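Here is a short tour for anyone who likes to look at side chains before setting up a calculation. Have the viewer open and follow along.

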Amino acid sequence: RLYGVGLGPGDPELLTLKAARIIGMVPVIAYFAKLGRRGHARTIVDSFLKPEHQLLAMYYPVTTEVHFEDADYVSQLSQFYAEQAALIAAQLEAGRDVAVLSEGDPLFYGSFMHLYERLRGRFGVTIIPGVTGMAGCWSAAGLSMTWGDDILSVLPGTLDAAALAQKLEAHPQVARAIFPGLASHPGHALAAKQMSSFGGMISFELKGGLTASRAFLSSLRVFA
């Protein structure tokens, strides 16, 4: 059986009891890491590993040195995930259970998802949820995040300014996003002639005017 095991945000004590039990039970532990490094996932579970565990390291061919929208990045990662899925499938076909370690939660921006989608139709899969990184952040900071019917939106920090501006413009509580790369910007045509990437400065206006803006600012939290 294949297990996607969420490890939480980094503290080994934030693993769930089920995650610890599965790690101790399965014979094969697979984990992602940057080439030449042990990887955060491997470090988190150090105290849970046994001498008899078979470790399967999955080293990314590229990480941040190539932009994630680059064709070469997409091609290399697609081949990488296919190869790793085949290696894990071989273990499963041999009758050995495999636990794939995933920082945070396996199904929240996790690399495990690429293996899951390739293998779920062939093998039994169990997902062990984990504490997400952002939950770890606001818990460590001791900050209350959402009240009542508050809306929580998650925008990946890897998005470029244009993509972030488009997401903001489409948000139901945003009256107007101000970014020269948007077609709705009054200076977009001129900016397109003079600029190649439109810069990285974005601003926006909220529906509800000053009252909504003050409420937004009072509830804004920054994690660094």
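## A charged trio

Let's begin with Asp 46, which is partly exposed because its relative accessibility is 34%, between the 20% and 50% cut-offs. Please keep in mind that this is a predicted model. The side chain of Asp 46 meets that of Arg 38 in a salt bridge, at 2.9 Å from N to O. Arg 38 is partly exposed too, at 40% relative accessibility.

Asp 46 also forms a salt bridge with Arg 42, where the closest N and O atoms are 2.2 Å apart. Arg 42 is buried, with a relative accessible area of 16%.

## A pair between two strands

The count of salt bridges comes to 5. One of them joins the side chains of Arg 176 and Glu 205, at 2.8 Å from N to O. Arg 176 belongs to strand S6 (residues 174–178) and Glu 205 to strand S7 (residues 203–206), so this pair ties together parts that are 29 residues apart in sequence. Both ends are partly exposed: Arg 176 has a relative accessible area of 40%, and Glu 205 has a relative accessibility of 38%.

Val 28 stands opposite Val 98 in S4.

## Nonpolar cores

Which residues touch the most other members of the largest nonpolar core? Of its 25 residues, they are Leu 2, Phe 32, Met 58, Ile 88, Val 98, Val 100 and Leu 115. S2, S3, H3, S4 and helix H4 (112–119) each supply at least two residues of this core, and H3 gives the largest share, 8 residues. Apart from this core lies another, of 18 residues, among them Tyr 3, Ile 22, Val 26 and Ala 41.

Leaving out residues up to four places away in sequence, Val 98 touches Arg 1, Leu 2, Tyr 3, Val 28, Ala 30, Ile 88, Gln 91 and Leu 92.

Terms used:
Residues numbered from 1 in each chain as written. Predicted model: local features only at pLDDT ≥ 70, side-chain atom pairs only at ≥ 80, totals over all residues. Heavy atoms only, no water. Pairing = 2+ DSSP bridges. Helix = DSSP H or I, 4+ residues; strand = E, 2+ residues; numbered from the N terminus. Core = buried A, V, L, I, M, F, W, Y, C linked by side-chain atoms within 4.5 Å. Buried < 20%, exposed > 50% of the residue type's maximum accessible area, 1.4 Å probe, protein only. Contact = heavy atoms within 4.5 Å. Salt bridge = Lys/Arg side-chain N within 4 Å of Asp/Glu carboxyl O.
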